[in-house]
Amino acid sequence: MDVEKVRRQLVAPVRIFIVRSVTFVALLAACSGGESPRSDTPTGGTLVISVGGDPETLLPPIATTTTAQIIGDLVYDRLAEIGDSLNTVGDSGFHPRLAEAWEWAADSLSVTFRMNPRARWHDGVPVRSSDVVFTYRLYSDSLNGSPYAVALADVDSVTAPDSLTATIWFRERSPMQFYDAVNTMSILPAHVLGNVRGPALRSSPLSRAPIGSGRFRFVKWSAAQSIELAADTANYRRRPNLDRVIITIAPDMNTALARLAGGEADMLEQIPAASVANIAKDTSMRVLLTNGLDYNFIQFNLSDPGFPSRAHRLFGDRELRRALTLALDRASIVQNAYDSLADVAIGPTVRAYPTTDPSLRQLAFSRDAAIRTLDSLGWKDSNNDGVRERNGVRLEFSLSVPTSSKARVAMAELIQEQFRRVGAKVNIDALDIPAFVDLQNRRRFDAVIGGWHVEPSPGGVRQTWGSRGAQTSGSNYGSYRNSAFDAQVDSALAANTLEERRSHFSRAYQIIIDDAPAIWLAEPKRVMAVHKRIRTVGLRPDAWWANIAEWSIPASERIARDRIATGR
Amino acid sequence: MNADTPFVIAGYARRGRRWLGRDRSARFAVILLAVISVVCFLAPLTAPHDPNFQPDIVKLRNAPPSVEYPMGNDQASRDVLSRLLYGGRLSLTVALLATLVSVTVGTAYGAAAGYATGFVSTILERILDALLAIPRLLLLIVIFAARRDMPIGGFILILGVTGWYALARLVRGQVLALKAQDFVASAKALGATRMRILTRHILPNVVSPVIVAAMLGLGHVIVLEAGLSWLGIGVRSPDASWGNMIQDGSASLDQMATSWWIAFFPGIAIVLTVVAFNVLGDALLKALSPRQSGIE
Amino acid sequence: MAAFFVRRVLQGIVVVALVATIVFLLIHAAPGDPFAAAMEDPSITESVRQTWRHAYGLDRPIGEQYLRYVANVFRGDLGFSISRQRPVVSALADALPNTLLLMTLGLIGGFALGISVAVVQVRHRGKALDRILGGVSLAFFAVPDFWLALLVLVSLTSWLHFPIGGAVDPVMYDFLTPWGRFVDRVRHLFLPALTLSLLYFPIIARHQRASLMEVLPSEYITTARAKGVDERTLIRHHAMRNALLPVITILGVAFPALLTGAVFIEKVFSWPGMGFLIVSSIQGRDYPLLTAAVILGAVFVVVGSLLADALYRLLDPRLRDER
């Protein structure tokens with residue numbers, strides 16, 4: 001694993017000098033080899049990861065936070081797991097998990113999986129193909145409101161010819177059909193969830209205490225404090241090297257950093273730019289820099305927060321959104337908040353995708369153009385209080401930010417001022433993560449500074465910006481709907497060559513950039529701090545946690561908490 | 001106001017000037033407060049820059065003190081000194097007005113409770129005892145956290161309305177003591193109504209402890225407002241107040257360590273102002289307390 | 001004495017009811033009332049919402065809701081905390097001992113420091129050291145508590161590596177030896193308790209100095225002096241005993257107020273007490289938790305001042321018969 005150290009220049013203001021030659025592809029090339037089990041590594045050790053907030057639920061079909069995804073990937077298995085090369089086309093990039101092997105039908109409209117007979121749920125019950133059928137039903141049932149149902153739209157059904165065989169049937173062929181079906185579903189235990197459907201899912205026991213088949217077992221969840229996982233020593237794949245993984249919750253970044261410095265936590269998955277230099281000085285820590293596959297943005301709510309069927313009093317107007325976009329100096333904002341640790345976001349995508357064309361036509365920053373456009377749209381400040389009005393509606397709105405991200409909070413202050421200069425009044429509303437997620441889910445906002453951690457396939461935009469994601473349970477919180485955009489995305493995903501796919505995505509991205517349902521802010525790099533003694537392997541760019549089961553702590557470097565006997 | 005009032009006030013002024021001359025620390029406090037007040041209230045004239053202006057969010061972010069920005073720049077490149085001055089203007093105004101509300105309500109209630117007799121007096125006293133037991137900070141937190149879009153007027157009013165209890169008890173005690181004095185008895189014998197006695201004879205003598213309490217209360221409100229703003233439920237951005245400047249400057253430990261000026265100067269400003277108010281209040285207490293009975 | 005107790009207890013009940021009422025009114029006017037989160041979840045069907053509304057009595061007239069609410073408060077049912085995912089009472093029960101522990105240590109530290117400073121001041125009364133210490137006291141009295149906490153945090157954590165966040169090491173605590181647990185607790189307590197002590201010593205020093213100065217010229221001190229006892233011993237043994245009484249009144253004022261004073265300290269050091277709960281429920285929009293914490297705070301103030309008054313009366317017989 002190629003470790004990228006961060007070097008800094010010694011004078012204040014602190015600046016981090018990054019070797020930019022390490023590209024995403026190079027990292028990928030170096031990050032392979034996480035799959036071979038290391039039978040020579042003695043087992044043991046406790047890994048403590050510090051995160052910024054509680055997950056809203058631990059049930060994968062309805063979970064949207066990264067923390068929930070980390071735990072879900074450790075506790076649950078998929079039929080097959082994508083390899084570190086993140087090849088989403090076809091099935092060659094996938095490794096067996098719950099499925100030992102699979103076979104395509106001649107017409108490629110179905111694929112049959114042979115389940116691993118040794119796989120067991122953490123409560124001892126064997127994993128069977130009926131669980132796969134059950135899982136598919138859970139994800140696709142509209143009553144359950146899973147935002148991931150969109151990705152399963154091409155799946156027609158799932159059948160189980162016998163207890164160790166499951167077949168997925170597709171409506172049509174497409175290059176990403178395998179990825180869509182297999183990567184989306186974390187297989188869940190039918191015998192535990194039973195007939196629970198709808199809103200009751202969120203309060204079901206499995207939502208707070210997952211039972212999976214993965215290499216880590218869930219132990220306990222103390223809300224607002226920590227979530228504990230332990231090694232599943234009898235796992236059908238070899239047991240993990242570590243004994244325990246503990247996720248501690250520290251919504252306050254100072255506390256998180258202090259815990260890291262004091263040795264109470266082993267890793268922090270995102271360090272703010274201002275703290276990187278300090279942590280780099282700490283000899284017990286390693287700083288890892290990767291392209292994080294994240295992007296954030298100001299998301300406008302195109303619907304009225306109180307009455308979803310009505311257009312938003314301000315943001316239902318495309319021209320107003322475009323005018324506001326012109327008012328922001330995004331490059332400076334991003335540099336202020338992130339130093340050199342982020343690029344300006346291009347659109348609902350990241351540069352790491354080969355299908356992203358960074359030269360798409362953006363709405364260029366021009367305060368004068370913004371002012372002129374607002375004037376021409378009829379927004380005038382008639383009472384000279386600095387805020388424009390039109391037909392009795394003030395150009396004033398709330399901007400909600402999660403407090404856990406210092407960078408977004410900093411950007412909010414800058415955005416507020418830059419909008420003020422063109423006559424728009426912004427009220428900043430800071431909340432912690434669970435409340436923020438709740439706000440987005442209920443669509444009770446004017447504008448938020450939201451962000452997405454993207455999946456390996458650019459097809460994720462279907463959920464986050466496509467019309468199908470705009471339904472009440474989807475992840476398209478702003479309710480942006482444009483059928484031309486949807487069509488281009490669908491064409492892209494059905495395309496057979498990279499050029500074709502790229503061209504369709506470019507057209508789709510251009511449509512959404514022009515519609516401006518969001519102002520694209522930053523694409524931050526992921527800067528992680530990890531304790532020196534942890535041997536990290538297989539840091540997948542889209543999911544650095546994917547291979548935690550292969551991480552280890554050499555016996556000679558163990559500290560007190562590694563040596564705790566896990567009698568559980 | 002009666003014919004004696006100008007003499008009463010002149011008497012106080014004379015007394016005040018006398019101990020000011022004697023008490024060095026009080027003199028220093030007055031000068032300090034005067035400087036702070038003038039400089040802050042005249043912020044539009046004294047501040048070198050617009051407090052919300054972000055001149056260069058890239059190059060001047062967290063810039064250390066320089067000639068052009070004597071107290072440095074914050075994360076959004078705003079001038080800390082200008083924000084300090086405008087923030088002081090806001091914080092002091094809020095404190096003054098809130099204290100004014102408290103003093104008014106508290107004096108009125110205390111006078112009524114002290115001068116009334118029998119059942120009414122007991123009721124008023126009991127209510128006061130109950131109100132005194134309410135934890136002020138917690139109540140304010142609940143109010144302002146539940147109602148985030150509160151205009152500044154409402155903020156001041158609520159601050160004032162939650163802080164008059166101790167003052168009322170003080171005034172009540174004073175009025176009770178004064179009620180029994182000879183001059184009151186003689187005024188009654190001369191046929192004065194209760195209202196007249198209260199307003200023209202008793203209240204002027206209550207002024208001095210009220211002023212002392214107001215001084216100390218001012219300092220308390222400044223710290224209270226700063227704390228609420230620091231929590232994010234007081235003065236909201238982009239408006240500067242000493243409290244939310246500290247919030248800006250304490251976003252992270254590393255920022256506090258490397259860009260110390262952002263949180264440091266507002267804190268010092270609060271300390272200096274509150275110390276000055278306390279010193280002044282103490283000095284007033286010393287000067288005015290031994291002679292409380294009757295007019296000079 | 002009995003009449004005193006009865007009166008004060010009744011008064012206390014009135015206060016708590018008053019606070020609960022204010023809080024109830026605020027919450028029902030607040031945008032995020034306890035059930036909004038679930039009520040407005042679009043994935044929950046209307047019929048389910050109706051059922052919940054009925055079950056929680058939200059479809060009753062507000063008067064009835066209010067009575068139910070007050071009854072619940074007095075019964076001890078304070079609702080369900082959304083952010084902690086457990087009954088509010090349970091979250092409070094965990095947090096309260098932490099605050100009490102911190103408060104007690106802060107007070108003890110404040111007293112120790114305050115009395116020492118006062119003694120030094122009195123021994124050097126009138127001289128430079130007296131004035132300097134007086135000035136220092138005043139500065140610490142005037143300093144906003146959250147700012148001082150931040151200063152302490154920044155200056156000491158970088159040098160001394162005290163852990164912050166939580167009362168104990170979240171991972172290791174269960175596995176430590178009893179001595180190890182004690183040390184762990186002390187390490188987490190140190191910074192917040194130190195800050196509290198620094199905040200409280202000024203008042204104590206000031207009062208102690210004043211009362212010592214008052215007592216010193218008194219008759220029996222003069223007698224002791226005539227007997228040849230040296231000044232240091234005088235101050236320490238004779239004066240202190242008499243001067244301690246006003247200190248107890250300070251306790252009476254400080255103790256109830258300490259719960260609110262710790263709010264900012266707990267936030268800065270992430271000390272999991274009542275104050276931390278209150279502050280985190282602001283950003284977490286967890287109104288059930290917030291209101292319950294405030295009500296508990298009021299109860300605490302009432303009980304604290306009752307105890308303080310009772311103690312004062314017990315100690316000073318002159319006051320026992322006073323109204």
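User: How many residue pairs are in polar contact across the interface of chain B and chain A?

Analyst: A polar contact is a pair of N or O atoms within 3.5 Å; within protein, one must be able to donate a hydrogen and the other to accept it, and residues adjacent in sequence count only if both atoms are side-chain atoms. Here the rule finds nine such residue pairs between chain B and chain A, both partners at pLDDT 80 or more. Keep in mind that this is a predicted model, where local features need pLDDT of at least 70, side-chain atom pairs count only at pLDDT 80 or more, and totals for chains, interfaces and linings use all residues, while side-chain values use heavy atoms, with hydrogens and water left out. As for names, residues are numbered from 1 along each chain as its sequence is written, and chains are lettered from A and ligands numbered from 1 in the order in which they are written.

User: Which helix gives the most to the side of chain B that touches chain A?

Analyst: Helices are DSSP runs (H or I, at least four residues), as are strands (E, at least two), numbered from the N terminus. Look at helix α12 of chain B, residues 253-258, which gives three residues, the most on that side. By class, the chain B side has eight nonpolar, six polar and six charged residues. For those classes, Ala, Val, Leu, Ile, Met, Phe, Trp, Tyr, Cys and Pro count as nonpolar, Asp, Glu, Lys and Arg as charged, and the others, Gly among them, as polar.

User: What is the count of salt bridges between chain B and chain A?

Analyst: A salt bridge is a side-chain nitrogen of Lys or Arg within 4 Å of a carboxyl oxygen of Asp or Glu. The count for this pair of chains is two. One of them joins B:Arg61 to A:Asp339, with the closest N and O atoms 3.4 Å apart.

User: And how do I read the size of an interface? How much area do chain B and chain A bury between them?

Analyst: Interface size is often given as the accessible area lost when the parts come together. The sum runs over both parts, with a 1.4 Å probe. Chain B and chain A bury about 1,800 Å², 45% of it on carbon and sulfur atoms. On the chain B side, B:Ile57, B:Arg61 and B:Asp254 lose the most area, together 29% of what that side buries. In contact terms (heavy atoms within 4.5 Å), 20 residues of chain B meet 21 of chain A.

User: What about chain B and chain C: how much of their buried area do carbon and sulfur atoms give?

Analyst: They give 80% of about 3,600 Å². There, 41 residues of chain B touch 42 of chain C. B:Leu138, B:Val142 and B:Trp230 supply 17% of the area chain B buries against chain C, more than any other three residues. The count of salt bridges is one: C:Arg206 meets B:Asp282 at 3.0 Å, N to O. The largest share of the chain B side, eleven residues, comes from α13(B). That side has 31 nonpolar, four polar and six charged residues.

User: Last one: is A:Asn476 buried or exposed?

Analyst: Buried means under 20% relative accessible area, exposed over 50%, partly exposed in between (1.4 Å probe, protein chains only). A:Asn476 comes out at 0%, so it is buried. You'll find A:Asn476 in the loop between α14 (461-464) and α15 (483-494) of chain A. A polar atom of its side chain lies 2.9 Å from the backbone oxygen of A:Gly466. Not counting residues up to four places away in sequence, A:Asn476 also touches others, including A:Gln299, A:Arg443 and A:Trp465.

Methods
Buried area is the accessible area (1.4 Å probe) that two parts lose on being put together, summed over both.
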